[in-house]
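Have the viewer open as you read.

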Amino acid sequence: MSNMLTSHPYIFSILPLFTVVCVILFRGRRRQLTRVALYSGLACLPCSLLALTDREYWRPARLGGGPIGVEDLLFTFTTGAVVWLCSAWPYRRDLRMPSHLPASRVAKRILLWGLPSEALQAALWLAGLDYMSAMLLASVPLLTVLLVRRPRLWILAFSGLAFFVPVHFAGFKLAFATLPDLVLQWNKQGPWAAGFLGVPAGELAWAAAFAILWPVVMASALEVEFRPAGAAAASSGL
């Protein structure tokens, strides 16, 4: 086991959080909240394919030795679920989702919005921009379009940023403390490899961009509605 911890720290860094998330999703009392979190994690799974473009940023040892592994699937599912839980938790009593929404419609929306962003990211990467910078820039147009479409979703973007980034940061600090070989997986010569309080700057930049964008994508695709408590109180007083 100790050899596995040393040679494959990536899988062991994500397994504990993945387990906790699964318990929350299937045992949590807020079914509306956890149901969307489950969908968010599942919808994020195709993002695992981005591992094919990030080898200049980091090169983790994956089970099987391939360019994509089960670790990437666990990571994308877990972060997809956690970012929704972080962004929506402050409004958990106000969330409303249609009781029946065809999965095909949701999938079409996510593909319609996501494919242009992925294509832009790939184009920027092929043009010579590093993986992380390409990803950050490619997320801006989609976020802008979705917030113009539904401006009130900026609240989810803000809460995602406020809560997910600290959770992501704390997770890395704990992982580095328990799995010291994990830090060796990053390319120290890369443009985003510089550390910030012991965590690669690229991880914090990614966490911020993901926390702002993904909750807005999911709320838009699933037609999630919410009314902040202050707005509800104001309307009831009229």
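**Salt bridges and their labels**

Q: Why is Arg150 called buried?
A: Its relative accessibility is 18%, and buried means under 20% relative accessible area, with exposed over 50% and partly exposed in between (1.4 Å probe, protein chains only). So Arg150 counts as buried. A word on the source: this is a predicted model, where local features need pLDDT of at least 70 and side-chain atom pairs count only at pLDDT 80 or more, while totals for chains, interfaces and linings use all residues. Residues are numbered from 1 along each chain as its sequence is written, and side-chain values use heavy atoms, leaving out hydrogens and water.

Q: What makes Glu225 and Arg150 a salt bridge?
A: Their closest N and O atoms are 3.5 Å apart. The definition asks for a side-chain nitrogen of Lys or Arg within 4 Å of a carboxyl oxygen of Asp or Glu, so the pair qualifies.

Q: Which label does Glu225 get, buried or partly exposed?
A: At 44% relative accessibility, Glu225 counts as partly exposed.

Q: How do you know that Arg109 forms a salt bridge with Glu223?
A: The closest N and O atoms are 2.5 Å apart, so the pair meets the cut-off. Arg109 is buried, at 16% relative accessibility.

Q: What makes Arg105, Arg109 and Glu223 a network?
A: Salt bridges link these residues: Arg105 also pairs with Glu223, with the closest N and O atoms 3.7 Å apart. Arg105 is partly exposed at 38% relative accessibility, and Glu223 is partly exposed at 26%.
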